[in-house]
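User: I would like to go through the labels attached to this model. For each one, please tell me what it rests on.

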Amino acid sequence: MAKSLSPEACADTIRRAGFVSALTGAGISTAAGIPDFRGPKGLYVTRAHDPEKVFEVAAFDHDPEPFYRFSRDFLALVEAVEPTITHRFLARLEENGTLGGIITQNVDGLHRRAGSRNVLAMHGDYSTAHCRRCGREVSGEKLSEGMATETVPHCAECGGVLKPDVVFFGENVRCLVEAESLARRSDLMLVLGSSLTVYPAAAIPYYAGGEVVVVNKGAVGAASGPGVHIVDADLDGYFKAVAEALEM
Ligand SMILES: [Zn+2]
């Protein structure tokens, strides 16, 4: 059984580490008001949106409307919320040169809004999109312009359907090589708000070059070993205390 870690001890570990990285999951955004897709209020449970229709490429190519209905609800929700204490803590840790980068499973873009710069979005996000017919890339701005004027946004060049670069079921995750290399370089990896059940993200901590501190509300799947600490705690409360101990 991996040992827990007090916020003060976590602050010491951060202070000692030369190169810190973070891996974040849905749990870092739930305090902002964004439900975990798999959590008790997530779309897998409430069925307000059917995940099989929303995140399947074949279903999208047959009828992209369910995905865009979900995306409108999701993006409206994201726009209405603010990054959490933990998002902002990581941004400050990067700013002061301690944190080398963040690997995230989230598609909500909240790390960038909090001010983080080196963010590897393994499951993609809405900052770019591609045409399903001609393959042309369009910016997130063009995508949202299209979403504002059409039920399903189309390519200005060929009229094909645009698909945001959010990773669907069966599609390859992004930035895996960069994520592994970031993990290997870390002498401390913070794993925050991830239950470590979705692969390949759940395997990333195994590449960590040094200690791993997992902070999550509730049980976590993978992750064990001598350098692994597992903390069952509310993220924002925990990192408020860590930030205080670091006087930042
Ligand atoms: Zn096109």
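User: How many aromatic pairs does the structure hold?

Analyst: This is a predicted model, and it holds 14 aromatic pairs.

User: What makes the pair of Phe55 and Phe168 edge-to-face?

Analyst: The ring centres of Phe55 and Phe168 are 5.9 Å apart, with 85° between the planes. Phe55 lies in the loop between helix 3 and helix 4, and Phe168 in the loop between strand 6 and helix 9, so the pair ties together parts that are 113 residues apart in sequence. Phe55 and Phe168 are both buried.

User: Why is the pair of Phe67 and Tyr126 called stacked?

Analyst: For Phe67 and Tyr126 the values are 6.3 Å centre to centre and 15° between the planes. The limit for stacked is under 30 degrees, so this pair counts as stacked. Phe67 is in helix 5 and Tyr126 in strand 4, so the pair ties together parts that are 59 residues apart in sequence.

User: How do you know that Phe67 and Tyr126 are buried?

Analyst: Buried means under 20% relative accessible area. Phe67 has 0% and Tyr126 has 10%, so each is buried. Phe67 and Tyr126 also belong to one aromatic cluster, whose members include Phe55 and Phe168.

User: Why does the charged end of Lys163 count as sitting over the ring of Phe168?

Analyst: The charged end of Lys163 is 4.1 Å from the centre of the Phe168 ring. The distance limit is within 6 Å, and the charge must also be within 35 degrees of the ring normal.

User: What makes the arrangement around the zinc ion tetrahedral?

Analyst: The zinc ion is coordinated by the SG atoms of Cys131, Cys134, Cys155 and Cys158, at 2.3 to 2.4 Å. These 4 donor atoms subtend angles of 96 to 114°. Tetrahedral requires all angles between 85 and 135 degrees, so the arrangement qualifies. Cys131 lies in strand 4 and Cys155 in the loop between helix 8 and strand 6, so the pair ties together parts that are 24 residues apart in sequence.

User: Which residues of helix 9 are buried, and why are they placed on the same side?

Analyst: Ala179, Glu180, Leu182 and Ala183 are buried. They cover an arc of only 160° around the axis, which puts them on the same side of helix 9. On the other side, Val177, Arg184 and Arg185 are exposed. Strand 1, strand 2, strand 3 and strand 7 are among what covers the buried residues of helix 9.

Terms used
Residues numbered from 1 in each chain as written. Predicted model: local features only at pLDDT ≥ 70, side-chain atom pairs only at ≥ 80, totals over all residues. Heavy atoms only, no water. Buried < 20%, exposed > 50% of the residue type's maximum accessible area, 1.4 Å probe, protein only. Helix = DSSP H or I, 4+ residues; strand = E, 2+ residues; numbered from the N terminus. Arc of directions from axis to C-beta. Contact = heavy atoms within 4.5 Å. Donors = N, O, S within 2.8 Å, 3.2 Å for Na, K, Ca; no water. Tetrahedral: all angles 85-135°; square planar, octahedral: opposite > 155°, others 65-115°. Phe/Tyr/Trp six-rings, centres within 6.5 Å; stacked < 30°, edge-to-face > 60°.
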